[in-house]
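Me: I would like to learn how to read a model of this kind with some care. Could we go through it one feature at a time?

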Amino acid sequence: MNLLYLGLLLFVTLLTTLYLASSKAIFAFSDWTFHAARVEEIYLNLKSGSFFTFIAARTFHNTGAASFLFYPYIFFYPWAFLRFILSPVNAFYAWYALVTFATATISYFSMKAYSKKSLASFIFSLVYTFAPYRLYLGGAVFGEYLAVTFLPLLFLGIYEVLWGDKKKWYLLAISGALVAYAHILSVFLSLEFAVILFIIKLITSRGISKDRIKSLLLSAGVCVFLVLPVIVPFFTDFIGQGLSSAKPSISYTMGPRNLLLNPFSAPQNSWNLSFMLMLTILTAWAFIKSRRNWIIYGLGLFACFLTTRYFPWKLTAGTPFEMVQLTARYLSYASLFLTILFALGSSSVLEEHVTGRKKLALSCSLAVFMALFSLSSLSVYRDTLKHVQDMPKTSANSIQPAPFKRLRDYNYYNQFNYKILFGAFDYMPKSSLTSVQKQNSLLMLISHKLLLKVLYHLICQPFRGFR
């Protein structure tokens with residue numbers, strides 16, 4: 001059955017990716033230009049015979065930005081390698097397909113190890129991999145997009161150490177390292193839920209055995225060792241060096257109404273849960289029987305609560321929790337926990353009424369349904385591509401025009417002449433940023449004076465003869 005389910009997952013992955021790739025275009029929005037410039041730098045270095053990249057010497061306007069030193073990039077190498085054999089647009093969509101299928105595969109086997117049920121694992125993989133928020137991330141927010149790939153394995157590792165087979169502590173160590181190499185902020189978010197689960201373990205089991213503590217410490221130690229290439233530069237080159245970083249602040253929270261109603265009305269590739277998971281929230285409490293599933297349900301509800309403005313985010317001012325920036329990030333965790341319940345519940349109902357050969361037909365039907373659902377969700381992206389203009393060629397260091405523009409193979413390189421929308425000045429010396437700000441203020445003052453002078457000539461000069 002594993003091969004069958006993996007084949008169906010590959011089918012849905014290829015179908016959705018080909019649907020996007022058939023547009024022969026990319027919608028450059030949000031963090032796209034930041035990550036595309038990083039991939040371009042890796043590609044150019046590989047082309048020159050240099051495997052490692054530490055600073056941006058040829059992208060980011062040749063500023064020497066050190067985002068590579070402090071922002072992991074190992075999972076961008078497949079994208080860079082694909083550039084050698086495919087066009088820029090096709091290379092991206094091929095990488096997109098690789099990440100999607102990796103997510104589906106890891107999700108399937110993680111759920112299989114947890115539930116021991118193949119159909120439940122297949123349903124979990126489909127719903128989690130093609131969740132609306134993950135589809136949104138796949139358009140441009142690639143750090144978080146990559147981290148979501150490993151969350152099922154990470155929480156399987158936490159479960160094994162705290163409740164399951166403590167000898168499988170290595171799952172937590174490896175998955176934690178994989179998340180760290182994808183997106184550092186996701187490590188912080190995952191730690192929040194790991195601490196909650198640890199407290200729940202202490203309460204429900206009235207303590208924790210020494211063997212499980214040893215397994216937990218061993219997994220943490222090995223994880224730290226594996227991510228030393230990320231940790232060491234932070235201590236040696238960032239702390240005390242006067243470098244800037246992304247400003248920590250809660251800049252956006254979701255409204256409860258948006259969270260509840262968007263799944264039934266808004267485009268299904270945005271900041272919302274799928275209608276399947278919203279139905280799980282509304283109905284699962286009536287079917288849950290085990291304490292374990294009540295814990296999962298509670299975690300899913302709590303993750304949803306964290307996305308909203310009803311959580312007292314103002315109290316986190318000046319604390320590390322401000323690093324979250326966008327509370328919609330918790331939708332990935334809500335999707336993870338709620339999809340577990342949806343998969344377990346729906347598979348139990350289906351298996352009661354479907355046996356034998358009908359199970360094959362059922363699995364294929366589920367794959368087709370999820371493919372159509374995903375295509376419907378991604379049609380919003382395709383429609384957007386039809387209504388935006390191609391990114392024009394420009395002189396160096398221009399501001400990217402709004403609304404965001406469309407990239408094709410023939411104008412793909414135009415994006416690198418524009419200022420990067422977000423993250424262009426991350427990890428730059430604060431002193432240089434102060435100079436840039438002063439320079440920008442001076443340029444604005446000069447431009448205002450020129451504008452006034454032009455207006456004066458346009459308005460006053462024609463009336464000079466009528467005094």
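Me: Leaving aside its neighbours within four places in sequence, which residues is Glu-41 in contact with?

Reply: A contact here means heavy atoms within 4.5 Å. By that criterion, Glu-41 is in contact with Thr-53, Ile-55, Ala-56, Ala-57, Arg-58, Thr-59 and Phe-68, its neighbours within four places in sequence being left aside. This is a predicted model, in which local features need pLDDT of at least 70 and side-chain atom pairs count only at pLDDT 80 or more, while totals for chains, interfaces and linings use all residues. Residues are numbered from 1 along each chain as its sequence is written, and side-chain values use heavy atoms, with hydrogens and water left out.

Me: Where is Glu-41 placed, and is Glu-41 buried or exposed?

Reply: Buried means under 20% relative accessible area, exposed over 50%, and partly exposed in between, with a 1.4 Å probe and protein chains only. Glu-41 has a relative accessible area of 0% and therefore counts as buried; its place is in helix α2, residues 32-47, where helices are DSSP runs of H or I with at least four residues, and strands are runs of E with at least two, numbered from the N terminus. The C-alpha atoms of Glu-41 and Ala-56, which are 15 residues apart along the chain, are separated by 6.4 Å.

Me: How should I read the largest nonpolar core, and which of its residues touch the most other members?

Reply: In soluble globular proteins, nonpolar side chains tend to be buried together. A nonpolar core is a set of buried Ala, Val, Leu, Ile, Met, Phe, Trp, Tyr and Cys residues joined through side-chain atoms within 4.5 Å. The largest one has 130 residues, of which Trp-32, Trp-79, Trp-95, Phe-155 and Leu-273 touch the most other members. Helix α8 (residues 142-162) gives the most to this core, with 15 residues. A second, separate core of seven residues includes Ala-173, Ala-177, Cys-223 and Val-227.
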